[in-house]
Amino acid sequence: MLKNENITCYKRLNIDFKNEEAPDRIEFIRPDHCVDVVYPFMYQPINILYDEHGYETVSENGNAYPCFRYTPDICGEYKAVAYKANQKIDDTTFNVLPSDNHGYVSVSKKDNKYFAYTDKTPFFSIGINLAMCRPIQLTDHTEFGLSENFAYLGLRKYELWFKRCSEYGVNTVRIWLGQNYLNPDTENTYEF
């Protein structure tokens with residue numbers, strides 16, 4: 001289930017089941033004896049191709065497969081127990097080591113007008129609004145002519161923005177998931 005690797009606090013674990021039957025759920029028993037239950041989602045690998053103008057096309061790259069994600073947030077020994085139809089099918093223990101990651105950002109317990117990391121280090125938001133990756137109208141291959149087709153610069157554009165933001169000390173970015181490029185909704189309710 002989990003491969004032997006260095007697991008540190010706040011490092012996201014990806015547990016995939018590409019070539020074997022996936023459990024219904026995995027229960028993580030923490031060092032403080034609390035239990036976190038994680039359910040699978042279908043992960044779809046993709047190819048991202050770029051044309052000569054830098055516009056992206058996204059296509060499926062193989063079959064979707066069940067995947068679990070979990071982020072341990074305290075150090076110590078964890079136990080992961082996998083269940084299928086309420087029957088235990090696998091278990092493993094792993095040790096979570098300290099990390100230099102400060103944790104999650106939330107309202108400060110010391111003063112609720114401010115934010116702080118899990119380890120109580122103050123967090124000061126320096127950010128911008130990247131609300132939309134706008135589509136760009138494509139050329140019709142005549143001088144200054146535009147076609148009816150649109151494309152996105154997409155993920156590479158976001159990577160460029162994040163890199164530049166990081167260089168200037170930005171630590172918070174607001175992205176809207178309801179616009180066309182990043183919209184998780186489909187035409188059918190409850191499908192994403």
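A charge is said to sit over a ring when NZ of Lys or CZ of Arg is within 6 Å of the ring centre and within 35 degrees of the ring normal. In this predicted model, R25 provides such a case: its charged end sits over the ring of Y83, 4.3 Å from the centre of that ring.

I turn now to the pairs formed between rings. The whole structure contains ten aromatic pairs. One of them joins F28 and F94, whose ring centres are 6.3 Å apart; their planes stand at 80°, so this pair is edge-to-face. The pair connects distant parts of the chain, since F28 belongs to strand β3 (residues 25-29) and F94 to strand β10 (residues 87-97), 66 residues apart. Both F28 and F94 are buried. Together with Y70 and Y78, F28 and F94 make up one aromatic cluster.

A further pair consists of Y43 and Y65. Here the ring centres are 5.5 Å apart and the planes are at 55°, so the pair is tilted. Because Y43 lies in strand β5 (residues 41-43) and Y65 in strand β8 (residues 65-70), the pair ties together parts that are 22 residues apart in sequence. Y43 is partly exposed, with a relative accessible area of 31%, whereas Y65 is buried, at 12%.

Finally, I consider E56, in strand β7 (residues 56-60). Is E56 buried or exposed? Its relative accessible area is 12%, and therefore E56 is buried. The side chain of E56 makes a polar contact of 3.1 Å with the side chain of Y50. Leaving aside residues up to four places away in sequence, E56 touches several residues, among them I48, Y152, R156 and Y181.

How values were computed. Residues numbered from 1 in each chain as written. Predicted model: local features only at pLDDT ≥ 70, side-chain atom pairs only at ≥ 80, totals over all residues. Heavy atoms only, no water. Helix = DSSP H or I, 4+ residues; strand = E, 2+ residues; numbered from the N terminus. Buried < 20%, exposed > 50% of the residue type's maximum accessible area, 1.4 Å probe, protein only. Polar contact = N/O pair within 3.5 Å; in protein donor to acceptor, adjacent residues only side chain to side chain. Contact = heavy atoms within 4.5 Å. Phe/Tyr/Trp six-rings, centres within 6.5 Å; stacked < 30°, edge-to-face > 60°.
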